[in-house]
Amino acid sequence: MSADTDASDALARDALAAFDAVLAAGAGELRPRPGQRRMAEAVAQTFCAVTLGKPEQTAGGGEAAPRRAIAVIQAGTGVGKSLAYSAPAIALALARGTRVLISTATVALQEQLVNKDLPQLAAQMPQPFRFALAKGRGRYVCKLKLNRLSGGEEVALFDEDAEPDEPLDAGAASRHSASARLQFYASLTQALASKLWDGDRDSLPTPPEADLWAPVGADARSCTGRHCPLFGQCSYYERRKELVGAQVIVANHDLLLSSLGARLLPELDHCLLVLDEAHHLPATALDQFSHAMDLSRTLWLERLATRVVRTGGLLAVSEVVDVPRLAGQIRQTLADLARLAMDAWGDTLRAGGDAFGPARVRLPRGALPEAFDEPLQLLQATSEALLAAVSAVARALKAEIRDKPDEARRLSALYAQIGTLAPRLDDVYATARALLAPPVTAWRPSDAAPDASDAPPGEVGLPMAKWFSSSVEGDFVVLRAHASPILSGATLRTHLWPQVRGAVLTSATLTSCGQFDFFLRESGLAADPDVRALEVESPFDYATQGRFTIVETRADPKDAAAFNAELAERLVADLAAVERGALVLFTSREQMRVAVQALPADLRARVWVQTEWPRSVLLARHRERVAAGEPSIIFGMQSFGEGLDLPGALCEHLFITKLPFASPDDPVEEARAEWLRAAGRDPFNELVIPATAIRLAQWAGRAIRTETDHAYVTCYDRRLTRTGYGKRLLRGLPGFPLVRRDVEGRETALG
């Protein structure tokens, strides 16, 4: 046995000892759970063996390959995964002189870790540690922008620059008058001055709408950092100071992926990475590396050009000479692209979308008509040139701010005004470049490939989904162009995993139909030799704590109108028997509308509908009513199927109206299905069923939240028993006893 192995084993033992010490310190509150310790052991073994930092030098003068280890751990509900990963990971980080980076899918879980879980752990760990919350810059207010927009002080160098910027949302002006916006910004200023608010968007009593927040949110392109005259009061940088001395940093997947290479978070080859709610990582990756540009609202380009030219003239920046021509050319090219799109697909795009989303036209195989090539090439070249001019002015402004501190306030304000518009230009350049990416047709996934939906190593170029959309916003029809990668695994394998040495990915739902294969493909880990997958069972006794009933309907679930009508009738009968708390999960707004309309008056008084109440208010009212011993029923859409914790009497009945298949017209999923069909594969079995299995398991997981819960799950989709894929879906559910109820109401136990 090598010295390295001995040292690693010793580190793992010490990390597990720290975990055991926490359990002992929390005696009475924390109960030993075999699955939790099994997970803690896997975490310790994963993190103790990895090589952190620069690779070691070999005797021959080269570099030794660093040791990597990645654990994919499905931890069933009730395992206590946050303690299982945090205690050993933190103990190892302290022992190795490094840090732990925990990434979650939501700000809500971030705040739970920082406000509850980690403080409790810090009080019980043998060694002290500090922790901090990391959120994106845009979640904090820019006080310089706020002062400008609240009327607190005049900082613009040019009169026209003091006017509000064109909103990203064309309907914004109609929703919020100038006086309402001014009042909102004045209220934020007052809250900051009175120290009733810390500048964090998430700590406001009511989350502001995006179009109100965007003009005052901090962002990198409009920030001069330490050169800003309000740097000493900056909410964002005050929070970042907390990160410097923290051994544990809690971020989210969006921030993790958006900051790769930006040094905003610890370097991934020199820290221990935990990805909680890891089943969200593939979708987050596609979102982060997708691009879109507005073809119909282009007045911002004129304003950007004016600011860049005047500022560049003031600072003698020669690169601004060509800016008016470039901006004019970009506006004209965007208009040309809009005309080409309307000429090609106007009948569909003129519809402008509906309540279910914008009208969309996807390009088969990502192949644009030849007429788009020349304007897109021109757009890429001109936007790149304009970005270079903007960057030159930004550099000159920073130098001027540094050299003339007395002018810092006014110059920083102008920097912010230019920077506020620059991201739109970034979007134009990136989207044009992505749309020009040629369709990849040089290879086909083979049956033998371990990651069958991804490109093999060395493949140049990856398939992109490309589409145009239109929507009515206010009095405008807004036309946009989009491009997105369709292979999340390849995207993560390219951008994330090469930087990572040690990682733990965990969630209650990482297997699909009982297998890890789908998640490993989606996350880009299927062919990684350093990956180990582990399933830790829930401590709950589903066989005695609940039951899963499949209700047969006469109507086929594919016949939406007939099915919704029958569903409403059966649901009304079942809801009448609810004595305390219940949750009903719907797959469409229309389905929920039909069910609400079918409720008799006495039952309607017990129902809280998601679309009628803010989430926090709805849940508070539900808890109050159940606590008073009264029946209370929540009607929710798909967002209520995950992350909702309703233990005990709050959810004694869970009703799933229909199998939660993804939207059939999502352009990225359409493109991916097309890609697989072209390779002779079956997208329904390889994509749709595995994704639905994970979603169904998430929904069913709302029923049992503690060891003392008892709950009944009812699903009204007969396909679970009548189809082969239905039986596959059932294999991925918690171990409830299964019961079938026929159309006459007779119940039969299933094996």
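Let's start with Tyr-725, which comes out as buried, at 15% relative accessibility. The cut-off for buried is under 20%, so Tyr-725 falls on the buried side of it. Please keep in mind that this is a predicted model.

Who is the partner of Tyr-725? Its ring pairs with Phe-684, edge-to-face, with 5.2 Å from centre to centre and 80° between the planes. Phe-684 belongs to helix H24 and Tyr-725 to helix H26, so this pair ties together parts that are 41 residues apart in sequence. Phe-684 itself is partly exposed, with a relative accessible area of 32%.

Now let's look along helix H26, residues 724-731.

On to Thr-714, in strand E17, which covers residues 711-715. Is Thr-714 buried or exposed? Its relative accessibility is 6%, so it counts as buried. Leaving out residues up to four places away in sequence, Thr-714 touches Thr-549, Val-551, Asp-574, Leu-654, Phe-655 and Ile-656.

Back to aromatics for a moment. How many aromatic pairs does a search of the whole structure find? The count is 17. One of them joins Phe-540 and Tyr-542, again edge-to-face, at 6.1 Å centre to centre with 65° between the planes. Both of those residues are buried. There is also a cluster, in which ring pairs link Tyr-140, Phe-231, Tyr-236 and Tyr-237. And for those of you who like charges and rings, the charged end of Arg-615 sits over the ring of Phe-640, 4.8 Å from the ring centre.

My last stop is Gln-288, in helix H11, residues 281-288. Gln-288 is partly exposed, with 27% relative accessibility. Its contacts, not counting residues up to four places away in sequence, are Asp-254, Leu-257 and Ser-258. With Asp-254 there is a side-chain polar contact of 3.2 Å. Ser-222, by contrast, is 66 residues from Gln-288 in sequence and 21 Å from it in space, C-alpha to C-alpha.

Conventions: Residues numbered from 1 in each chain as written. Predicted model: local features only at pLDDT ≥ 70, side-chain atom pairs only at ≥ 80, totals over all residues. Heavy atoms only, no water. Helix = DSSP H or I, 4+ residues; strand = E, 2+ residues; numbered from the N terminus. Buried < 20%, exposed > 50% of the residue type's maximum accessible area, 1.4 Å probe, protein only. Contact = heavy atoms within 4.5 Å. Polar contact = N/O pair within 3.5 Å; in protein donor to acceptor, adjacent residues only side chain to side chain. Phe/Tyr/Trp six-rings, centres within 6.5 Å; stacked < 30°, edge-to-face > 60°. Lys NZ or Arg CZ within 6 Å of the ring centre and 35° of its normal.
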